[in-house]
Amino acid sequence: MNPVRLNIKYISLVLLILQTTALVLTMRYSRTVDDGGPKYISATAVVMAELMKILACLVLVFRGEGEMDCSKFVTTINSEIVSKPLDTLKLAVPSGLYTIQNNLLFLALSNLDAATYQVTYQLKILTTALFSVILLQKHLTCTKWLSLLLLMIGVAFVQMPSSVTEKELTASGQFIGLVAVLSACFSSGFAGVYFEKILKGTKQSIWIRNIQLAFFGMIFGMFPIFWYNMTAIRENGFFQGYHRITWVVISLQAFGGLTIAAVIKYADNILKGFATSLSIILSTAVSYYLLHDFQPTGFFFIGAMLVISATFLYGYEWTTAPPKQSTINHSPVRKL
């Protein structure tokens, strides 16, 4: 393997581990820290993340298809997006679902500790697999079905009630967080499969598609702002409660999709499973030692190990060894 490509593969995986872990922990911290002022409105953070994603993808298109030339860049945007309104409109469905998912994740991390959230959110593997079978007619091997069963059992263990009473997490709050993360799993699974189906029928780059997704994401993201938060925004402004940590969360959420795109391009499923497992372990450690909002139990460790094992098992591609060639010489015998 090319050493440059090998380095890019592992760099992208390290970035994925750091991005996934940092996003969960910073989002959890930003939603629970009490600085005496109003908290930031999560719906505004979702919209700002989509705007940042559009700007980042525009830069990537300018460097790629645009070849660092303004006229080619404008021509590319016009021909691939503006001149294809129906094609662009197809992205409205997954974009709306991703917007719902992003808002649900803020709600989930406002009510669940980072470790429980990380493990439970791996159920998106199950929902993605089910929607792949239904929409794409994919065939899952017995090994993959077994891994999905282990995944469900593992998440069930993680949700077992603890004998330790956690003062920061109420029973109703945990229930709201659980419903939010489960809903996000279904939204993520359907949106991901639908997006994959669109990508298979087009030659447009992933960056062009991300611009289209983020554009609709901004539009859909404004609905909860106008519906639920206009009174608060009139009183304290759109950027109320914004701090450095808020902008860190927005940046991590915006560039997370770009990191995943790089991993999909350069890494395989086994390494992505390894990254997910390390992210769960890091989130658990930081949640326990630094955030002090998580008390691990035996049920949690059993469930986490089952989820990590299921992640590896689902991503592993089983190959059968080719039959060995016979060493017997079958050349015809010469007649004397």
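Of the 336 residues in the protein chain, 44% count as buried, where buried means under 20% relative accessible area, exposed over 50% and partly exposed in between, with a 1.4 Å probe and protein chains only. This is a predicted model, in which local features need pLDDT of at least 70 and side-chain atom pairs count only at pLDDT 80 or more, while totals for chains, interfaces and linings use all residues. Residues are numbered from 1 along each chain as its sequence is written, and side-chain values use heavy atoms, with hydrogens and water left out.

**Overall architecture**

- The secondary structure of the protein chain consists of 14 helices and zero strands, helices (H or I, at least four residues) and strands (E, at least two) being DSSP runs numbered from the N terminus.
- Among the contacts in the protein chain with a separation of 6 or more, 85% join residues 24 or more positions apart, a contact being heavy atoms within 4.5 Å.
- The protein chain exposes about 18,700 Å², of which carbon and sulfur atoms supply 68%; accessible areas come from the Shrake-Rupley method with a 1.4 Å probe, and for residues only the protein chains shown count as cover.

**Helix H3 and its buried side**

- Helix H3 (residues 70–82) has Phe-73, Thr-76, Ile-77 and Ile-81 as its buried residues.
- These four cover an arc of only 95° around the axis, which puts them on the same side of H3; the arc is that of the directions from the helix axis to the C-beta atoms.
- Val-74, Thr-75 and Val-82 are exposed residues on the face of H3 turned away from its buried side.
- The cover over the buried residues of H3 includes helix H2 (42–63), helix H4 (85–89) and helix H10 (206–228).

**Salt bridges**

- The structure has four salt bridges, each defined as a side-chain nitrogen of Lys or Arg within 4 Å of a carboxyl oxygen of Asp or Glu.
- Arg-209 forms a salt bridge with Asp-87, with the closest N and O atoms 3.3 Å apart, and this pair links distant parts of the chain, since Arg-209 lies in helix H10 and Asp-87 in helix H4, 122 residues apart.
- Glu-50 and Lys-53 form a salt bridge whose closest N and O atoms are 3.8 Å apart; being three residues apart in helix H2, they are separated by about one helical turn, and both are buried.

**Aromatic pairs**

- The structure holds 14 aromatic pairs, counted where rings of Phe, Tyr and Trp (its six-membered ring) have centres within 6.5 Å, with planes under 30 degrees apart called stacked, over 60 edge-to-face and the rest tilted.
- The rings of Tyr-117 and Tyr-121 have centres 5.5 Å apart and planes at 15°, so the pair is stacked, and both residues are buried.
- The rings of Phe-157 and Phe-299 have centres 5.9 Å apart and planes at 35°, so the pair is tilted; the pair links distant parts of the chain, with Phe-157 in helix H8 (residues 142–158) and Phe-299 in helix H14 (residues 298–315), 142 residues apart.
- Phe-157 counts as partly exposed at 24% relative accessibility, and Phe-299 is partly exposed with a relative accessible area of 39%.
- Tyr-40, Phe-106, Phe-238, Phe-239, Tyr-242 and Trp-247 are linked by ring pairs into a cluster.
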